[in-house]
Amino acid sequence: MEGKSATASGEAGAVVAGMKVVVAVDASEESLNALTWALDSVIAPRSGAGVSVVVVHAQPGPDHFVYPVAAHGIAITYSPTSAIESMRKAQEEISRKVSATGAIVEGDAKEAICQAVEEMHADLLILGSRGLGKIKRAFLGSVSDYLVHHACCPVLVVKPTKAHDK
Amino acid sequence: MASPAAPQPKLQKVMVAVDESECSHHALEWALRNLAASIAPPLLVITVQPLLPLGYVSAASFGSPLGIPVVAPELIKSMQEQQQQLSQALIDKANQICAQHGVAVETMIKTGDPKEMICEAAEESRVDLLIVGSHSRGPVQRLFLGSVSNYCMHHCKCPVLVVKKQGRIGWYSDN
């Protein structure tokens, strides 16, 4: 079980020039894609200049019934193990590339992440968005929408790309 | 993976939208300061000049003695020129900022509805990341998001970065 995040990760050297990047993940695949994108595009190129990464897992509220991560075959409304599971996956991704700390925030995901970002004095917040299909394209997931409005730092939203046509 | 000695910038095409607001220039500077390592040159900078509010121009001539609204072509022309000068000044300023950071830049000026044109341009150029400021005019308030950045957030398929001016300093705290 991950503890609360430490403000200084294991990064050597200049914390002064370093950028603190917080990546918010939940149990969804989109957020893990966002994490991968963030690592490849933003964090890895900068790792020479100093960057510290905090992965924040937000525990979704009890209105989420189906967890892709839950392996039990039963719809579970609230499963602490999924948090650990997605953190583990996230950490696997990251540890290949850069050192990072993790944190799990509980309670209302959007407010909790917002507060965490403020407390950590993050320089950048990266998150995925659920991308609720073509018809609902007008809406981002409510968590990402809230964070774009309220976070105290720049927010980067990574949309799910259905077809990578590069 | 690639050799750890020299990490290659992975974002091949990054577009920054600027307008006359300080917010967007702040966004450009933020990107140059913090994401320089991730951006492969050239950086694309776009500014969109809104369509001329010709409705106002026509209305201004309703008081003409003949009762026929006459829109002086010189007036329209001078408005267009002014608009172009403004856009060019924005582009020049962006060029200057990028030059200060030593980043090559490619600029484009489009005309039309800013939010739609930005998204269209981002798609046409197949950018990897779109960067926008949070407001185009008015005081920066933490709880609101400007209409252009909001639209881009929802409609662009690429990742979108919204850069706000730091709201912590000098504004009331609503914690």
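In this predicted model, the accessible surface of chain B comes to about 9400 Å², and carbon and sulfur atoms account for 57% of that area. For chain A the corresponding surface is about 8000 Å², with 56% belonging to carbon and sulfur atoms. The table sets these values beside other totals for the two chains.

| Chain | Residues | Buried | Accessible surface | Carbon and sulfur part of the surface |
|---|---|---|---|---|
| Chain A | 166 residues | 48% buried | about 8000 Å² | 56% of the surface |
| Chain B | 175 residues | 43% buried | about 9400 Å² | 57% of the surface |

As for secondary structure, chain A holds four helices and five strands, and along its sequence these elements follow the pattern β-α-β-α-β-α-β-α-β. Chain B has five helices and five strands, arranged along the sequence as β-α-β-α-α-β-α-β-α-β. When contacts between residues at least 6 apart in sequence are considered, 76% of those in chain A join residues at least 24 apart, while for chain B the share is 77%.

Helix H3 of chain B covers residues 73–101, and because its 29 residues at 1.5 Å a residue should span 42 Å, the 42 Å that separates its end C-alpha atoms agrees with expectation. The buried residues of H3(B) are Met79(B), Gln83(B), Ser87(B), Leu90(B), Ile91(B), Ala94(B), Ile97(B) and Cys98(B). An α-helix has 3.6 residues a turn, so residues three or four places apart point the same way. Just after H3(B) comes Gly102(B), whose phi is positive, at about 70 degrees.

Further along chain B, helix H4 (residues 114–124) and helix H5 (residues 147–155) have axes that come within 9 Å and cross at roughly 35 degrees, and the crossing of H4(B) and H5(B) is right-handed. On the H4(B) side, the residues that take part in the contact are Pro114(B), Lys115(B), Glu116(B), Ile118(B) and Cys119(B), and in H5(B) they meet Ser147(B), Val148(B), Tyr151(B), Cys152(B) and His155(B). Sorted by class, the contact between H4(B) and H5(B) contains six nonpolar, two polar and two charged residues.

How values were computed:
Residues numbered from 1 in each chain as written. Chains lettered and ligands numbered in written order. Predicted model: local features only at pLDDT ≥ 70, side-chain atom pairs only at ≥ 80, totals over all residues. Heavy atoms only, no water. Helix = DSSP H or I, 4+ residues; strand = E, 2+ residues; numbered from the N terminus. Buried < 20%, exposed > 50% of the residue type's maximum accessible area, 1.4 Å probe, protein only. Contact = heavy atoms within 4.5 Å. Areas by Shrake-Rupley, 256 points an atom, 1.4 Å probe, with all protein chains shown as cover. Expected span 1.5 Å × (residues − 1). Axes fitted to C-alpha atoms, helices over the stretch in contact; angles between N-to-C directions. Left-handed = near helix turned anticlockwise from the far one by under 90°. Nonpolar A, V, L, I, M, F, W, Y, C, P; charged D, E, K, R; others polar.
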